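Please walk me through this model in the viewer. Tell me what to select at each stop and what is there.

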Amino acid sequence: HAMDQGVAADYVGNLLNMLLPKMEGRNMKKRLQALHMEIKRFYEAKGVESRLQTLTRGMIQKTKAPPKLRAKAAELRDLIPFTKIAADKFLGSSKPTEEAAKKMAHHLVELYGTLSSNAENRAEVMRENSRKFCILYSGLEKHFTGTKLWRIKPKFHLMQELFEMTKGA
């Protein structure tokens with residue numbers, strides 16, 4: 001719950017918010033449709049079962065609230081691999097904020113992959129990726145101080161604590 005409805009929902013909401021201006025379309029409605037089409041293509045290519053049926057501005061960010069994708073936990077989990085693909089495709093390396101968001105997608109994909117892994121070094125991989133993810137997120141929060149973007153919430157601390165306490169495989 002701390003991951004799917006907390007950290008992942010916040011990250012995905014912020015990332016989609018960052019991707020929207022890069023989508024084709026003259027207005028927000030068209031850009032949302034273009035982004036949803038990217039997601040649908042991902043679903044088809046990967047055979048994803050838990051799918052977002054629609055994508056609205058309010059699902060990504062409600063008025064006067066920080067970005068947070070409002071979706072079911074399974075829908076969020078199944079979007080995590082999409083974040084890396086979309087970040088790599090649409091975000092540049094010349095902008096530090098975009099580069100940070102790209103790296104965060106990598107760490108989040110690694111975290112989710114490791115959660116279902118039996119690898120011998122599983123605990124250390126989870127700790128390392130959660131630390132790097134949180135450091136990058138914290139940097140974006142500082143960069144966007146005074147805005148509602150990239151806000152760290154209590155579930156980030158819970159997630160980090162859980163990964164730090166994880167022992168062995």
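**A tour by selection**

Start with arginine 131, which is partly exposed at a relative accessible area of 31%. Here buried means under 20% relative accessible area, exposed over 50%, and partly exposed in between (1.4 Å probe, protein chains only). The model is predicted: local features need pLDDT of at least 70, side-chain atom pairs count only at pLDDT 80 or more, and totals for chains, interfaces and linings use all residues. Residues are numbered from 1 along each chain as its sequence is written, and side-chain values use heavy atoms, with hydrogens and water left out.

A salt bridge is a side-chain nitrogen of Lys or Arg within 4 Å of a carboxyl oxygen of Asp or Glu. Both residues lie in helix α6, three residues apart, about one turn of the helix. Helices are DSSP runs (H or I, at least four residues), strands likewise (E, at least two), numbered from the N terminus.

Serine 130 is buried, at 0% relative accessibility. Its side chain reaches the backbone oxygen of arginine 127 at 3.0 Å.

Next, select arginine 77 and aspartate 4. Their side chains meet in a salt bridge (2.2 Å, N to O). Arginine 77 lies in helix α4 and aspartate 4 in helix α1, so the pair ties together parts that are 73 residues apart in sequence. Arginine 77 is partly exposed at 36%, whereas aspartate 4 is buried at 9%.

Which residues touch the most other members of the largest nonpolar core? Tyr11, Leu16, Leu35, Leu55, Leu69, Phe133 and Trp150 do, out of 49 residues. Such a core is a set of buried Ala, Val, Leu, Ile, Met, Phe, Trp, Tyr and Cys residues joined through side-chain atoms within 4.5 Å. The largest share, 10 residues, comes from α1.

Zoom in on leucine 55. It sits in the loop between α2 (28-46) and α3 (57-60) and is buried at 7%. Leaving aside neighbours within four places in sequence, leucine 55 is in contact (heavy atoms within 4.5 Å) with Leu16, Leu32, Leu35, His36, Ile39, Ile60 and Leu69.

Finish at phenylalanine 133. Beyond four places in sequence, its partners include Val7, Tyr11, Met104 and Phe156.

Methods:
A polar contact is a pair of N or O atoms within 3.5 Å; within protein, one must be able to donate a hydrogen and the other to accept it, and residues adjacent in sequence count only if both atoms are side-chain atoms.
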